[in-house]
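Subject: Structure handover

Hello,

My notes on it follow.

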Amino acid sequence: RGRCGYFPVRCAGSDADDTGGAAAATGEGDRIVQFAPAFQVVQLLKQGVAPQAACEKVLSNIAMRLATVGQQMFSVALVSVNVAGDVGGVGSFQIWTDHVTGKSYDGFPYVVWRDGATTQHIARGVAMTTAEAFPRVAAAGP
């Protein structure tokens, strides 16, 4: 048994716009679909925000929204590219393990293909606890 995932749901797993760029999300799809992070990243790209900064801002926003209701961050990785070809990515975890090879990475690995060549990038993990990332929220409580 399997499932096709959330990519058919617009903006849940991926989004693109020819004036801003594109973004994709992977991880806990049932949670990702609640926030439409790919859409949010592309909206920031359209405003001229760099891909790395856009991914970080969206992930931080999700973590803050969860913290305000006393929920923990879930597993998610975001990758994006703007119309100039700049790339960025971020994850909600410190270490990602490939379950096929058993290899561990300090973040979520992704590959960029450009001009016939590939380069591997790592969407660095951001370990965010409520107390560390959002001290005012932690002090106030849920």
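Most residues other than glycine have a negative phi. Asp115 counts as exposed, because its relative accessibility is 75%; the classes are buried under 20% relative accessible area, exposed over 50% and partly exposed in between, with a 1.4 Å probe and protein chains only.

Ala36 also has a positive phi, near 45°. This residue is found in the loop between helix H1 (29–32) and helix H2 (37–46). At 22% relative accessibility, Ala36 counts as partly exposed.

**Basis of the model**

This is a predicted model, in which local features need pLDDT of at least 70 and side-chain atom pairs count only at pLDDT 80 or more, while totals for chains, interfaces and linings use all residues. Residues are numbered from 1 along each chain as its sequence is written, and side-chain values use heavy atoms, with hydrogens and water left out.

**Overall**

The protein has five helices and eight strands. Read from the N terminus, their order is β-β-α-α-α-β-β-β-β-β-β-α-α. Of the 142 residues, 37% are buried. Among contacts (heavy atoms within 4.5 Å) with a separation of 6 or more, 50% are between residues 24 or more positions apart. The protein exposes about 8,300 Å², and carbon and sulfur atoms supply 53% of that area; accessible areas come from the Shrake-Rupley method with a 1.4 Å probe, and for residues only the protein chains shown count as cover.

**Helix H3**

Helix H3 covers residues 51–68, which is 18 residues. From its first C-alpha to its last it reaches 26 Å, close to the 26 Å expected at 1.5 Å a residue; the expected span is 1.5 Å times one less than the number of residues. The buried residues of H3 include Ala54, Val58, Leu59, Ile62 and Leu66. Gly70 follows H3 and has a positive phi, near 75°.

**Strand pairing**

Strands E1 (residues 14–17) and E2 (residues 21–27) pair in the antiparallel sense over four bridges; two strands pair if DSSP finds at least two bridges between them. A hairpin of three residues joins E1 to E2, and Ala16 stands opposite Ala22 in E2. E2 also runs antiparallel to strand E3 (residues 76–82), with seven bridges joining them. Here Gly27 has Val76 in E3 as its bridge partner.

**Aromatic rings**

The structure holds three aromatic pairs; rings of Phe, Tyr and Trp (its six-membered ring) pair if their centres lie within 6.5 Å, and planes under 30 degrees apart count as stacked, over 60 as edge-to-face and the rest as tilted. Trp96 and Tyr105 form a tilted pair, at 6.1 Å centre to centre and 35° between the planes. Trp96 and Phe108 form an edge-to-face pair, at 5.2 Å and 75°. Trp96 lies in strand E5 (residues 96–97) and Phe108 in strand E7, so this pair ties together parts that are twelve residues apart in sequence. Ring pairs link Trp96, Tyr105 and Phe108 into a cluster. Within it, Trp96 is partly exposed at 26% relative accessibility, whereas Tyr105 is buried at 15% and Phe108 is buried at 17%.

Regards

How values were computed: Helix = DSSP H or I, 4+ residues; strand = E, 2+ residues; numbered from the N terminus.
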